[in-house]
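Hello,

Here is the structure I promised to pass on to you. Have a look at it first, and then read on for what turned up when I went through it.

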Amino acid sequence: SLFKGQIKNNPDNAMAQYGYGLTLNRDGNPKAAVTHLKIALEKKPGDADIAIDLGIAYFMTGEYSEALKTFKKVPKSSSNITTGQIYTGRSQMALDMHEEAAATFNSLIKNDPDNVNVYFFLGETEGKLNRLGSAHYNLGQYYVKTKHLQNTKFHLNKALENETNPEQIE
């Protein structure tokens, strides 16, 4: 590949390491991607995009604690911060840190209410916390936004059945 040749000629080329790491992760080899993304981040410390992609590669290998540590280092001003925060919440879910995951996803919804996937992950998280009204409500919002009306109706009706404060849902 193009990146392999660039790395062979100049192993200190951060962008070649980054590009090859992205390619490896996309092609289903996140373990090898981690190696190259770590090198890229060492060469360009503080690069938010590289850090987010390294965190995602850690997530894909199942190294959720490493993913979480990596995401926490990403500056909040990053243009790609939403992706990093989604994977932060997903890492927290994988580590059974459900309250933290719920807080992460709720924060994301406040900042980016149009991000459809956040509602799905928040619904899953709320379900794990046995907050079924909220879980179904958020899953209902996910299905509204993805235009699956039968699933929307099911989850919003379940939200009304399970919510202790149904006025909050209406």
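Lys43 is partly exposed, at a relative accessible area of 40%. In this predicted model, its side chain meets that of Asp12 in a salt bridge, with 3.0 Å from N to O. Asp12 sits in the loop between helix 1 and helix 2, while Lys43 belongs to helix 3, so the pair ties together parts that lie 31 residues apart in sequence.

That is one of 7 salt bridges in the structure. Two others stay within a single helix. In helix 5 (residues 64-72), Glu66 and Lys69 are 3 residues apart, about one turn of the helix, and their side chains meet at 3.0 Å, N to O. Both are partly exposed: Glu66 has a relative accessible area of 28% and Lys69 one of 48%. In helix 10 (residues 149-162), Lys158 and Glu161 are likewise 3 residues apart, or about one helical turn. Their salt bridge has an N to O distance of 3.7 Å. Here Lys158 counts as partly exposed at 28% relative accessibility, whereas Glu161, at 58%, counts as exposed. The spacing is what one would look for, because an α-helix has 3.6 residues a turn and residues three or four places apart point the same way. Elsewhere, Glu99, Glu126 and Arg131 are linked in a network of salt bridges.

Lys158 also turns up around a histidine. His136, in helix 9 (residues 132-145), is buried, with a relative accessible area of 16%. Apart from its neighbours within four places in sequence, His136 is in contact with Phe154, His155, Leu156, Lys158, Ala159 and Asn162.

Next, helix 2. How many of its 13 residues are buried? The count is 10, so helix 2 is largely enclosed by the rest of the structure. Among the buried ones are Tyr18, Gly19, Tyr20, Gly21 and Leu24. The buried residues of this helix pack against helix 1 (2-9), helix 3 (30-43) and helix 4 (48-61). Helix 2 itself covers residues 14-26 and reaches 18 Å from its first C-alpha to its last, close to the 18 Å expected at 1.5 Å a residue. At the start, a side-chain oxygen of Asn13 comes to within 3.1 Å of the backbone nitrogen of Met15. Just after the helix, Gly28 takes a positive phi of about 90°.

The largest nonpolar core has 24 residues, and Leu37, Leu54, Phe71 and Val74 touch the most other members. Helix 2, helix 3, helix 4, helix 5 and helix 6 (81-94) each give two or more residues to this core, with the largest share, 9 residues, coming from helix 4. A second, separate core of 14 residues includes Met93, Leu108, Ile109 and Tyr142. Going back to Phe71, what does it contact once its neighbours within four places in sequence are left aside? The partners are Ile52, Gly55, Ile56, Gly84, Tyr87, Thr88 and Ser91.

Happy to talk any of this through once you have had time with the model.

Best wishes

Conventions
Residues numbered from 1 in each chain as written. Predicted model: local features only at pLDDT ≥ 70, side-chain atom pairs only at ≥ 80, totals over all residues. Heavy atoms only, no water. Helix = DSSP H or I, 4+ residues; strand = E, 2+ residues; numbered from the N terminus. Expected span 1.5 Å × (residues − 1). Buried < 20%, exposed > 50% of the residue type's maximum accessible area, 1.4 Å probe, protein only. Contact = heavy atoms within 4.5 Å. Polar contact = N/O pair within 3.5 Å; in protein donor to acceptor, adjacent residues only side chain to side chain. Salt bridge = Lys/Arg side-chain N within 4 Å of Asp/Glu carboxyl O. Core = buried A, V, L, I, M, F, W, Y, C linked by side-chain atoms within 4.5 Å.
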